[in-house]
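Let's work through a few exercises on aromatic rings. Keep the structure open while you go.

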Amino acid sequence: MLVYNKAASSYDDEDLLEEEAIMNRRAGQKKNEKVMPLPNIEEHVEGFRQVREAHRRELIDDYVELISDLIHEVGEVRQVDMAARLGVSQPTVAKMLKRLAQAGLIEQIPWRGVFLTPEGEKLAQQSRERHRIVENFFIALGISAETARIDAEGVEHHVSEETLEIFRQFSAERGIG
């Protein structure tokens, strides 16, 4: 514990070291562990902006990709099938489909199902390609195919085009993808 020595009008060196060790433990860092400095404000803001944008696009990408996959696999898309595959309720799917329709990515035809617009299909293909690149990169690192597939589902939305290109090159150099 840090004790002020009134007689010596100073802190005891041993007490200072003990207090520093306590503060470091509280901060979750070991003594002499280097912490990265904060980026400048503009870089910090841009990083958080990109994350927010990725989160916003994540659901849209996942929905249009699933719609495209279901159309190609079973020939039609029903809300009940989407809800089952996404692990959400049908009202949640209905709400998102309304947003996708307003964005011009899908068309809903009563009693016939859901269809992608050309813009929606293009977005689905781009999302599928991003997923493939990230998944192949993980496999090139030695991650199992199943884990790579699952992990790529989240990462694909949060990496830049520059990073994707490096992932693609890394995988290609190792004969994957």
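A residue is buried under 20% relative accessible area, exposed over 50%, and partly exposed in between (1.4 Å probe, protein chains only). This is a predicted model, where local features need pLDDT of at least 70, side-chain atom pairs count only at pLDDT 80 or more, and totals for chains, interfaces and linings use all residues. Residues are numbered from 1 along each chain as its sequence is written, and side-chain values use heavy atoms, with hydrogens and water left out.

**Exercise 1.** Work out whether Phe137 and Phe170 are buried, exposed or partly exposed.

*Solution.* Start with Phe137: its relative accessibility is 13%, so it counts as buried. Now take Phe170: at 21%, it counts as partly exposed.

**Exercise 2.** Describe how the rings of Phe137 and Phe167 pair up.

*Solution.* First, the rule: rings of Phe, Tyr and Trp (its six-membered ring) pair if their centres lie within 6.5 Å; planes under 30 degrees apart are stacked, over 60 edge-to-face, and the rest tilted. A search of the whole structure turns up 3 aromatic pairs. In the one formed by Phe137 and Phe167, the centres are 3.8 Å apart with 5 degrees between the planes, and the pair is stacked. Phe137 and Phe167 are both buried.

**Exercise 3.** Classify the pair Phe137 and Phe170.

*Solution.* Check the distance, then the angle: the centres are 5.3 Å apart and the planes sit at 65 degrees, so this pair is edge-to-face. Finally, zoom out: Phe137, Phe138, Phe167 and Phe170 form one aromatic cluster.
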